[in-house]
Amino acid sequence: METKTEDGVEYTLTRRDAPDNDLHNWYWLGSNGQVLELNEAEMRALKISDVILDDETHD
């Protein structure tokens, strides 16, 4: 779940530079510079994914 394509734009899962690794700090950054917030299903998937777990162990 690290990339997705929507309306012909490729988005990469990105985390805001914030002190806590909160799910709301994650967003989609598009190849065109556009930002999309994660929807509820994506937040649930991220919560159990290796992406956020790996990030927590490397802080």
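1. Strand β3 (residues 26-30) and β2 are joined by five bridges and run antiparallel. Y11 has G30 as its bridge partner in β3. Strands here are DSSP E runs of at least two residues, helices are H or I runs of at least four, and both are numbered from the N terminus. Two strands pair if DSSP finds at least two bridges between them.

2. A word on the source. This is a predicted model, in which local features need pLDDT of at least 70 and side-chain atom pairs count only at pLDDT 80 or more, while totals for chains, interfaces and linings use all residues. Residues are numbered from 1 along each chain as its sequence is written, and side-chain values use heavy atoms, with hydrogens and water left out.

3. Strand β1 (residues 3-6) also pairs with β2 (residues 9-15). The sense is antiparallel, over four bridges.

4. Look next at K4, which lies in β1. K4 stands opposite Y11 in β2. Its side chain makes a polar contact with the side chain of E42, at 2.9 Å. A polar contact is a pair of N or O atoms within 3.5 Å; within protein, one must be able to donate a hydrogen and the other to accept it, and residues adjacent in sequence count only if both atoms are side-chain atoms. Beyond four places in sequence, K4 touches V9, E10, Y11, W28, L36 and E42. Contact means heavy atoms within 4.5 Å.

5. Buried means under 20% relative accessible area, exposed over 50%, and partly exposed in between (1.4 Å probe, protein chains only).

6. At the start of α1, a side-chain oxygen of N39 comes within 3.1 Å of the backbone nitrogen of A41.

7. V35 belongs to strand β4 (residues 35-37). V35 is partly exposed, at 42% relative accessible area. Setting aside neighbours within four places in sequence, V35 contacts R16, Y27, W28 and L29. V35 and T12 are 23 residues apart in sequence, and 9.7 Å apart in space, C-alpha to C-alpha.
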